[in-house]
Each structure stands twice: as C-alpha cells, then as structure tokens.
Amino acid sequence: MPDDLLSHLPTENRVLLVVDIQNDFCPDGALAVAGGDEVVPIINRLSRQFAHVILTQDWHCANHLSFASSHPGKKPLEQVNLPYGPQVLWPDHCIQGTAGAGFHPDLDVAHCELVIRKGYHREIDSYSAFFENDRRTPTGLAGYLRERGLMRLCIVGLATDFCVAYSALDAKRLGFEVTVIEKACRGIDVGGSLAAAWLEMNEAGVIRV
Ligand code: VGL
Ligand code: ZN
C-alpha cells in the first residue's frame with residue numbers, strides 16, 4: 001500500500017477497522033468468501049501504518065436466526081422477513097468458541113486495541129460494527145471511538161458487500177470520515193450485492209481507494 005493513498009489522513013487519530021477476518025469466511029470455511037485469505041498479508045502490512053487497530057468478530061450463538069438451519073425448509077442465500085426487516089439466510093458460521101469463529105491464524109493482531117464481537121443476540125443479525133441489523137441497537141463502538149477522539153476510519157476485511165459496507169455506511173451516518181481500501185476487502189456478491197454496496201457507499205460519501 002503506497003503511503004500516498006492514505007495521505008489525506010493524519011496518522012494520529014486514524015483507525016484501521018479490520019472486519020471479520022475469521023476462518024469461516026476464508027477458503028474451506030463455512031461461509032467462504034472467494035479469496036478471503038488473500039487480504040490477510042495486505043492487512044498485516046497496512047496495519048503497521050496505524051497507531052490504532054480494531055477488529056470485529058462475527059460471534060453467533062448455535063441456533064442464530066440468520067442461519068438457514070433455524071428456518072425449516074429454507075436454504076442458505078434465501079431471504080426471510082424478520083421483525084427488523086429482510087434477512088438473507090446463511091449457512092451456520094462463526095459459532096461462538098468454534099475454530100471457524102477464530103481469526104485467520106496468519107492475521108497479525110498483536111497491536112490491536114479492541115475486538116468488537118457482534119451477532120451474539122439470537123434474534124437479530126449484526127453486519128455492522130456499529131449497529132445490529134435493526135440499525136438501532138448499538139455495539140458501543142461509536143462511543144469508544146468518540147470518547148477517544150478517533151474520527152477517521154479506514155475499513156478493510158470481509159465481506160465487502162455485507163459487514164464492510166454496513167460498517168462504512170453506519171460510520172458515515174454517525175459523522176466519521178470513512179475510507180474503504182478495496183484491495184484489502186473481498187465480497188460475497190449475491191444477486192448483485194457487491195455493485196449495489198459500492199454504489200451506496202459512493203453515494204454516502206465513503207472514500208474508496
Ligand atoms: C458476514 C454474512 C453473515 C460478513 C457475516 O462478515 O460480511 N456476512 N455474517
Ligand atoms: Zn454472520
């Protein structure tokens with residue numbers, strides 16, 4: 001990552017938010033994102049340019065409502081309506097305490113200062129690092145960042161069109177400056193979701209590098 005891509009951001013109050021670099025989202029994982037493991041060395045290199053690194057970790061209970069297995073007759077990637085709105089159904093993934101929920105073994109996380117776990121309430125999914133999928137129930141991350149004066153976020157990780165995009169859009173809505181570093185992200189892309197996510201992020205003023 002050449003430094004000039006990030007030169008509009010002062011270094012001190014800049015945070016690298018690393019989204020869901022977990023075994024289940026990497027090849028052979030339960031919800032593998034194509035090329036998911038390719039971003040690990042890129043993120044390791046990038047993270048050395050940041051004084052502040054925060055990780056998110058998808059962290060579901062075993063019978064989570066976002067799992068197709070919790071809806072008799074439904075298959076992964078079908079959609080259902082839950083009280084908070086439409087929800088894509090997924091294979092069982094990132095179950096608390098399992099190897100699949102662990103971070104990729106090569107992710108260099110030693111200087112990470114905070115891990116935000118999300119999706120641990122059975123009844124509601126949580127793509128964003130800031131809010132659960134009702135877009136109202138906070139994870140506490142915004143308060144943490146504001147209290148520490150960390151208002152500039154660079155977001156990387158998996159998956160571009162779900163957890164990365166939701167996090168970026170919520171962060172913009174909350175008044176943070178947001179940059180998504182495309183080559184350090186990979187998408188799932190169901191039904192055009194990747195292009196739609198980039199369109200929405202562009203319209204919201206998320207910086208794409
Ligand atoms: C994610 C689907 C379900 C993600 C998490 O990290 O983008 N996607 N759970
Ligand atoms: Zn999940």
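The model is predicted: local features need pLDDT of at least 70, side-chain atom pairs count only at pLDDT 80 or more, and totals for chains, interfaces and linings use all residues. Residues are numbered from 1 along each chain as its sequence is written, and side-chain values use heavy atoms, without hydrogens and water.

- Ligand 1 sits in the largest cavity.
- A cavity is a set of points, on a 1 Å grid over the protein atoms alone, where a 1.4 Å probe fits but cannot get out; a molecule sits in it if more than half of its atoms lie within 2 Å of its grid points.
- The residues around ligand 1 (a heavy atom within 4 Å) include Asp20, Asp58, Trp90, His93 and Tyr127.
- The shell holds 9 nonpolar, 1 polar and 2 charged residues; Asp, Glu, Lys and Arg count as charged, Ala, Val, Leu, Ile, Met, Phe, Trp, Tyr, Cys and Pro as nonpolar, and the others as polar.

**Ligand 1: backbone contacts**
- Polar contacts are pairs of N or O atoms within 3.5 Å.
- A backbone N or O atom of alanine 159 lies 3.0 Å from a ligand 1 oxygen.
- For leucine 158, the corresponding distance is 3.3 Å.
- A polar backbone atom of cysteine 163 is 3.1 Å from an oxygen of ligand 1.
- Taken alone, ligand 1 exposes 260 Å², and the protein buries 100% of that (Shrake-Rupley method, 1.4 Å probe).

**Leucine 16**
- Leucine 16 belongs to strand S1, residues 14-19; strands are DSSP runs (E) of at least two residues.
- Leucine 16 has a relative accessible area of 0%, so it counts as buried (under 20%, 1.4 Å probe, protein chains only).
- Its C-alpha atom is 6.3 Å from that of histidine 52, 36 residues apart along the chain.

Conventions:
Chains lettered and ligands numbered in written order. Polar contact = N/O pair within 3.5 Å; in protein donor to acceptor, adjacent residues only side chain to side chain. 1 Å grid on protein atoms, 1.4 Å probe; cavity = no way out; pocket = protein on both sides within 12 Å on 5 of 7 lines; lining within 4 Å. Helix = DSSP H or I, 4+ residues; strand = E, 2+ residues; numbered from the N terminus. Buried < 20%, exposed > 50% of the residue type's maximum accessible area, 1.4 Å probe, protein only.
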